[in-house]
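Open the model in your viewer and keep the sequence panel beside it. This tour tells you what to select at each stop and what you will find there.

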Amino acid sequence: MSDSNVRQQIDHYSKYAEKFENTIWTMGPRENRNHRIKIAKIVDALRSEDGGRVLEIGVGSGLHAEHVLEHTKFDYTGFDASTSMLKMAAQRLERHADRFHVGIGDAHKLPVADGAFDAVFCSGTMHHLRDPARGMHEIARAVKPGGPVAVMEPNWKFPSMLVAGLVVRAEREVFRLSGPKMLQWARAAGLEDIKLERVLYTPPKPERWAAKFDRFDKWAAGVAGLRRWSVMLFLTARRPA
Ligand SMILES: C[S@@+](CC[C@H](N)C(=O)[O-])C[C@H]1O[C@@H](n2cnc3c(N)ncnc32)[C@H](O)[C@@H]1O
């Protein structure tokens, strides 16, 4: 493991793993509208390679992995720093045993060969890294030439993330992250076709307001002054062929 904040992250997630699926920050069960939208956008961004090998950095409880395995033809590999989180993911993914592999790995120094994956994504994990520029470099290294990458991270300017960043030590690195910085790291990592989208402006609950939230999100995305308050920052790019 790299000499960063990884030990702190491992300690946090070993205590927090059991509560991860149902927290105050997700306003109840994690499998909610906002997560479904995020995951669908990530999968869409990687579709050009569907059927190859996809890598996720920061598996968590396997929510993204499950969607990938159920809705694409990808074979899935994922790394996470926390054994506690990987145990949860392995339980969730049991029925897909022949198409997934998860293991311990630090996003700052991935245990993978250069260009080993057809597509790579990271969701909600880069904002835990002490050196996110290094994390972006690793993403760019892991994908094959011409392969797509997708990175979905929280925006500390959204009120609940601002509070989480201030009160939860393990969330503090979120202040290192911004749209312009993500673009800069992607360029420095040698990626091309780089795009940044600001995604979601509404909380995940109540689900019965989903249609209203969808309309608000669509409207907010077109209002210059509001765009900076999005829940998530979504970067897509490609390694040069
Ligand atoms: C908020 S969870 C996100 C998990 C999943 N992608 C999701 O959105 O549900 C963050 C995950 O990043 C992992 N993590 C934190 N620092 C890491 C590092 N340096 N390398 C790999 N994983 C790390 C944590 O153990 C945790 O499982």
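**Before you start**

This is a predicted model, in which local features need pLDDT of at least 70 and side-chain atom pairs count only at pLDDT 80 or more, while totals for chains, interfaces and linings use all residues. Residues are numbered from 1 along each chain as its sequence is written, and side-chain values use heavy atoms, with hydrogens and water left out.

**Stop 1: the ligand**

The ligand is surrounded by 23 residues, and the closest are Gly 58, Asp 80, Asp 106, Ala 107 and Ser 123. Colour this shell by class: eight residues are nonpolar, 11 are polar and four are charged. In this scheme Ala, Val, Leu, Ile, Met, Phe, Trp, Tyr, Cys and Pro count as nonpolar, Asp, Glu, Lys and Arg as charged, and the others, Gly among them, as polar.

Which helix gives the most to the shell? Helix H1, residues 6-16, does, with three residues. Helices (H or I, at least four residues) and strands (E, at least two) are DSSP runs, numbered from the N terminus.

Now show the polar atoms around the ligand. A polar contact is a pair of N or O atoms within 3.5 Å; within protein, one must be able to donate a hydrogen and the other to accept it, and residues adjacent in sequence count only if both atoms are side-chain atoms.

- Gly 58: one of its polar backbone atoms is 2.8 Å from a nitrogen atom of the ligand.
- Glu 56: an N or O atom of its side chain is 3.2 Å from a nitrogen atom of the ligand.
- Arg 30: an N or O atom of its side chain is 3.4 Å from an oxygen atom of the ligand.

Taken alone, the ligand exposes 600 Å², and the protein buries 97% of that. Accessible areas come from the Shrake-Rupley method with a 1.4 Å probe; for residues, only the protein chains shown count as cover.

**Stop 2**

Pick Leu 166, which is found in helix H6, residues 159-167. Leu 166 counts as exposed because its relative accessibility is 55%. Buried means under 20% relative accessible area, exposed over 50%, and partly exposed in between (1.4 Å probe, protein chains only).

**Stop 3: charged pairs**

How many salt bridges does a search of the whole structure find? It finds 18 salt bridges. Each is a side-chain nitrogen of Lys or Arg within 4 Å of a carboxyl oxygen of Asp or Glu.

Begin with Arg 7 and Asp 11, whose closest N and O atoms are 3.3 Å apart. Both lie in helix H1, four residues apart, about one turn of the helix. Arg 7 is exposed at 54% relative accessibility, and Asp 11 is partly exposed at 33%.

Next, select Arg 92 and Glu 66. This salt bridge has its closest N and O atoms 3.1 Å apart. The pair links distant parts of the chain, 26 residues apart: Arg 92 is in helix H4 (residues 83-93) and Glu 66 in helix H3 (residues 63-71). Are they buried or exposed? Both Arg 92 and Glu 66 are buried.

**Stop 4: the backbone**

Go to Lys 205 and Pro 206, which are joined by a cis peptide bond with omega of about -5°. Pro 206 is in the loop between strand E8 (192-199) and helix H8 (210-220).

Leu 200 is found in the loop between E8 and H8. Leu 200 has a positive phi of about 70° although it is not a glycine, and it is buried, with a relative accessible area of 5%.

Finish at Asp 193 in strand E8. Asp 193 has a positive phi of about 55°, and it is not a glycine. Asp 193 counts as partly exposed, at 48% relative accessibility.

Notes: Near = heavy atom within 4 Å.
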